[in-house]
Amino acid sequence: MRDEEPGEGHRLGSYLRARRELVSPAQVGLPTGGKRRVPGLRREEVALLAGISPDYYLRLERGRDKNPSPQVLESLARVLQLDDIERTYLLDLAAARPRAPRRKRSEHVPARVYELLAHLQIPAFVEGRAFDVLASNPMAVALSPRLQPGQNRLRSLLLDPEEQAFHQDWTKATADFIATLRTTIGDDIDNPRFVELVGELALSSQRFRTLWARHDVRSLDGGTTTVHHPVVGELRLHRDKLPIGDVILVVYYPDKGSDSDEKLRLLAALAETELAQTETSAGQTRVGRPDASSDRPTRSTG
């Protein structure tokens, strides 16, 4: 995570620069003619529109001033056309203070959640803060094999061709996931899992590098998505995310009585049949094999 390592002031400056480059002169009522050597707004234009001196804004972008007033930040948020989530992120960056290193916490799935997953008849799984799949039910795996425990949803989305084809709007999905990851990281920039994941994807995915450099922040909570299942076809599903301690329960479900509802029922039947065949095959294998314990030498007791 290149931008975050030097310190909090640099993180603030990196965010301001990235957002400045995404705002066109026309969006803020400035003339658009003539050659411009930089994308988006110039520093002096941001300063003028925010009512601060160009020299002071330059110090902010270069991390030399780490304590801008709330009034300055609000003005910058207005000029850079930040939404509520982006504005909050900007204020949090400026408010961050040096802190002691955090203890690494393991992401624990409570036993009762495994019971809940087993009872749910819709795709459901548990994910960690970095989109690691920690637990899932058979319907989730039937929906997508990339929802098995041990998989990482963002890595699959960016690097697995089958997952890319699975999403109707892959472009939007990648933008949402990456912006959500940056929001989730917040000031936990030295978390080993985040460092590992961002480093891996920065090396292996141009899409990730491009979107990460934008410094987008977003909250990926509920919503509706359309996916293309290789067996039952197109599914329109609602998504809800429910925090449980340090982990998140994710459920996908269709509108009752809809075409997607029927297809999901078909998928459930197919998954049940496949599971039964697998169990039958495994049972036959066990019957056909001699008990491994019979090969062990008998331990003398006398």
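Tutor: Let us begin with a definition: on a 1 Å grid over the protein atoms alone, a pocket is an open set of points with protein on both sides within 12 Å along at least five of seven lines. The model before us is predicted.

Student: What is the volume of the largest pocket?

Tutor: The volume of the largest pocket is about 590 Å³.

Student: How many residues line the largest pocket, and which of them lie nearest its centre?

Tutor: A residue counts as lining if one of its atoms is within 4 Å of a point. In this structure 27 residues line the largest pocket, and Pro 138, Val 141, Ala 142, Leu 267 and Ala 271 lie nearest its centre. Two or more lining residues come from each of helix H6 (111–119), helix H7 (138–143), helix H9 (161–166), strand S3 (223–229) and helix H13 (259–288). Helix H13 gives the most, with eight residues.

Student: Which residues have the most contacts inside the largest nonpolar core?

Tutor: The largest one here has 24 residues, and Leu 16, Ile 52, Leu 76 and Leu 90 have the most contacts inside it. At least two residues of this core are supplied by each of H1, helix H2 (43–50), helix H3 (54–61), helix H4 (70–79) and helix H5 (84–95). Helix H4 provides the largest share, five residues.

Student: Which residues does Leu 76 touch, not counting those up to four places away in sequence?

Tutor: Leu 76 touches Leu 16, Val 46, Ala 50, Ile 52, Tyr 57 and Leu 60. There is also a second, separate core of 20 residues, including Ala 130, Phe 131, Leu 154 and Leu 201.

Student: Let us turn to the strands. How many helices and strands are there in the chain?

Tutor: The chain has 13 helices and five strands.

Student: How many bridges join strand S4 to S5, and do they run parallel or antiparallel?

Tutor: Two strands pair if at least two bridges are found between them. Strand S4 (residues 233–244) and S5 run antiparallel and are joined by seven bridges. The hairpin of S4 and S5 has two residues between the strands, and in it Gly 245 takes a positive phi near 65 degrees.

Student: Which strands pair on either side of this hairpin?

Tutor: S3 and S4 pair in the antiparallel sense over seven bridges, and Gly 223 has Arg 239 in S4 as its bridge partner. A hairpin of three residues joins S3 to S4. Strand S1 (residues 124–127) runs antiparallel to S5, with four bridges between them; there, Ala 124 is the bridge partner of Val 251.

Student: How many residues of strand S5 are buried?

Tutor: Strand S5 (residues 247–253) is mostly covered, with five of its seven residues buried.

Terms used: Residues are numbered from 1 along each chain as its sequence is written. This is a predicted model: local features need pLDDT of at least 70, side-chain atom pairs count only at pLDDT 80 or more; totals for chains, interfaces and linings use all residues. Side-chain values use heavy atoms; hydrogens and water are left out. Buried means under 20% relative accessible area, exposed over 50%, partly exposed in between (1.4 Å probe, protein chains only). On a 1 Å grid over the protein atoms alone, a cavity is a set of points where a 1.4 Å probe fits but cannot get out, and a pocket is an open set with protein on both sides within 12 Å along at least five of seven lines; lining residues have an atom within 4 Å of a point. Grid points are joined across faces, edges and corners, and a volume is the space filled by probe spheres set on the points. A nonpolar core is a set of buried Ala, Val, Leu, Ile, Met, Phe, Trp, Tyr and Cys residues joined through side-chain atoms within 4.5 Å. Contact means heavy atoms within 4.5 Å.
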